[in-house]
Amino acid sequence: FLKFRKKGNVQHLLHQFKYNNHPEIGLTLGRIYGKEIIDSKIKVNYDLIVPIPLHPARKERRGYNQSAKFAEGLSLSMKVPYTEEACVRVKKTSTQTKKSRVDRWENVKDVFIIKDTSLIKGKNIILVDDVITTGATIEAMGKHLIEEGCKTLTIICLAEAQ
């Protein structure tokens, strides 16, 4: 949806959203982007929106999962249900921000599990993340969804790092 540049307006906005307790930013941006997707007339019938899960300790400290707030906004405007119950993050990882692509992949390759395969098997899934830099996190989670039988996988992110 957005382009993330160091010291840019999007970085400032997303830092407010992610680190300064402003979940309403994710909801609003999700609603706006969801409306744009609907208005674009893309012909896909989505069944479920799944946000990248946060480790429970990080979610408790932050108070919310930023990807889930964005997913909730998308859900409201696209009229597609979202769930945080399909998958979990089972390992707490260090931040990805200073890691290379290879280190990012190593950091996340075994941290996700599908908690309830009945929610995703045979479904057209939208996988949502807040910021995609190298794609390691979304690739790791997407791999699990595909292996567990989702029918199609679409990726939506709030911002792509430049």
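Visitor: Is lysine 115 buried, partly exposed or exposed?

Guide: Please keep in mind that this is a predicted model. The general idea is to compare the relative accessible area with two cut-offs, since buried means under 20% and exposed means over 50%, with partly exposed in between. Lysine 115 has a relative accessible area of 47%, and therefore counts as partly exposed.

Visitor: Which side chain does lysine 115 meet in a salt bridge?

Guide: In general, side chains of opposite charge can pair when their charged atoms come close. Here the partner of lysine 115 is glutamate 85, with 3.0 Å from N to O. Lysine 115 lies in the loop between β4 (112–114) and β5, whereas glutamate 85 lies in the loop between α4 and β3 (87–89), so the pair ties together parts that are 30 residues apart in sequence. Glutamate 85, at 45% relative accessibility, is partly exposed as well.

Visitor: How many salt bridges does the structure hold, and where should I look next?

Guide: There are 7 salt bridges, and one of them joins the side chains of aspartate 130 and lysine 18, at 3.1 Å from N to O. Because aspartate 130 belongs to strand β5 (residues 124–132) and lysine 18 to helix α1 (residues 9–19), this pair ties together parts that are 112 residues apart in sequence. Aspartate 130 is buried, since its relative accessible area is 6%. Another salt bridge, between lysine 69 and glutamate 72, has its closest N and O atoms 3.5 Å apart, and both residues lie in helix α4, 3 residues apart, which is about one turn of the helix.

Visitor: What does serine 67 touch, beyond residues up to four places away in sequence?

Guide: Serine 67, which is found in helix α4 (residues 66–78), touches Pro51, Ile52, Val128, Asp129 and Asp130. Serine 67 counts as buried because its relative accessibility is 1%.

Visitor: Stepping back, what pattern does the protein chain follow along the sequence?

Guide: The chain has 6 helices and 6 strands, which follow one another as β-α-α-β-α-α-β-α-β-β-α-β. Among contacts between residues at least 6 apart in sequence, 77% join residues at least 24 apart.

Visitor: What radius of gyration does the protein chain have, and what would a compact globule have?

Guide: The general idea is to set the value beside that of a compact globule, which with 162 residues would have a radius of gyration near 15 Å; the protein chain has 15 Å, so the two agree. Of the 162 residues, 45% count as buried.

Technical notes
Residues are numbered from 1 along each chain as its sequence is written. This is a predicted model: local features need pLDDT of at least 70, side-chain atom pairs count only at pLDDT 80 or more; totals for chains, interfaces and linings use all residues. Side-chain values use heavy atoms; hydrogens and water are left out. Helices (H or I, at least four residues) and strands (E, at least two) are DSSP runs, numbered from the N terminus. The radius of gyration is taken over C-alpha atoms; the globule rule is 2.2 Å times the number of residues to the power 0.38. Buried means under 20% relative accessible area, exposed over 50%, partly exposed in between (1.4 Å probe, protein chains only). Contact means heavy atoms within 4.5 Å. A salt bridge is a side-chain nitrogen of Lys or Arg within 4 Å of a carboxyl oxygen of Asp or Glu.
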